[in-house]
Amino acid sequence: MRKWKVLFFLLIYSFSCWAATLSVQNNLQLWLKADAGVTVTGGYVSNWADQSGNGRNASQSDTSKRPVLASNAINGLAAIRFDGSNDGLLTSAFQTFPNKRGTMFIVAKAAFDGTTGHMVGTYYNSGITWQFYHNQDTLLYWDSVSADTISGSIVNSEFKTYSIVRDSNTNINFYRNGEFQTNFAIADNQPDVKAVNIGSNINHSNLEAFHGDIAEILLYGSNLSESERISVEQYLGEKYFNISPVPEPCSVLLVFFSIFIFISSNLQRK
Ligand SMILES: [Ca+2]
């Protein structure tokens with residue numbers, strides 16, 4: 001009976017090695033995920049707690065501008081749902097793209113409503129800002145001077161993982177569901193210290209409210225290496241799209257160990 005208990009424990013532990021975990025956390029500036037740290041007040045999201053350890057929680061004091069928490073929005077997990085009218089969340093201010101480098105991941109689903117939708121950025125009425133947004137099936141990146149467009153990369157009402165890597169002063173690489181799509185030239189500037197606004201340009205006259213769901217956002221203050229970027233995309237792919245990564249060595253060893261104990265306990269019984 002004791003061996004069965006050990007076997008049970010080891011099998012549980014083996015499978016826990018497969019659970020989606022984020023292994024790349026160096027330079028993580030902001031980490032918002034809808035399956036953790038969401039405060040719902042009176043049916044609306046009042047606070048989305050930053051999981052990066054930096055305390056840059058995204059919040060909204062105006063009740064009418066609060067999004068809702070949509071449970072079971074993607075792969076059994078929750079997402080934050082923005083109404084496309086005026087919903088938006090705001091973090092505390094910090095330096096995004098320090099040294100003009102950075103990496104961003106966002107798992108989002110847009111409902112095309114014929115208007116422009118701001119997903120994430122620091123777009124304000126003043127200062128050097130950036131913005132990642134869409135207009136129907138065209139994704140746009142505003143670099144404070146002009147907007148670069150990526151046509152056809154966003155699909156109506158479908159969740160995707162979008163990754164951007166700023167790996168030089170003037171270059172951004174764009175990936176969708178981990179596949180390279182394109183790169184584009186951006187202005188050689190350093191965004192100011194600003195709050196990150198999510199779902200709309202809260203402090204801008206041009207609100208551009210996003211209509212759709214955002215499940216997770218990660219912002220790194222450095223350009224991740226290819227293997228680091230892939231590792232984060234695997235974490236998101238496993239979590240939201242059931243894409244199984246290669247099992248980690250600990251899982252394989254523990255499975256073999258479990259089988260060994262199982263067989264040996266049966267042999268001893270005969
Ligand atoms: Ca609203």
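Buried residues account for 35% of the 270 residues in the protein, a residue being buried if 20 or more other C-beta atoms lie within 10 Å of its own, exposed if 12 or fewer, and partly exposed in between, with C-beta atoms placed from the backbone. The structure is a predicted model, in which local features need pLDDT of at least 70, side-chain atom pairs count only at pLDDT 80 or more, and totals for chains, interfaces and linings use all residues. Residues are numbered from 1 along each chain as its sequence is written.

The secondary structure consists of three helices and 17 strands; helices (H or I, at least four residues) and strands (E, at least two) are DSSP runs, numbered from the N terminus. Of the contacts between residues at least 6 apart in sequence, 65% join residues at least 24 apart, where two residues are in contact if their C-beta atoms, placed from the backbone, lie within 7 Å.

The largest nonpolar core contains 50 residues. Such a core is a set of buried Ala, Val, Leu, Ile, Met, Phe, Trp, Tyr and Cys residues joined through C-beta atoms within 7 Å. The members that touch the most others are Ile106, Ala108, Met119, Ile214, Ala215, Ile217 and Leu218. When residues up to four places away in sequence are left out, Ala215 touches Ala34, Ala73, Ile74, Leu77, Ala79, Val107, Phe159 and Tyr240. In soluble globular proteins, nonpolar side chains tend to be buried together.

S11 pairs with strand S10 (residues 131–135) in the antiparallel sense over five bridges; strands pair if DSSP finds at least two bridges between them. Leu139 in S11 is the bridge partner of His134. The hairpin of S10 and S11 has two residues between the strands, and Gln136 takes a positive phi near 55°. S11 is also joined by five bridges to strand S12 (residues 147–151), and these two strands run antiparallel. Here Trp142 stands opposite Ala147 of S12. Four residues separate S11 and S12 in their hairpin, and Ser144 in the turn has a positive phi of about 85°.

Asn75 is in the loop between strand S5 (68–74) and strand S6 (77–83), and counts as exposed because it has 12 C-beta neighbours inside 10 Å. Lys100 lies in the loop between strand S7 (89–95) and strand S8 (102–110). With 17 C-beta neighbours inside 10 Å, Lys100 counts as partly exposed.
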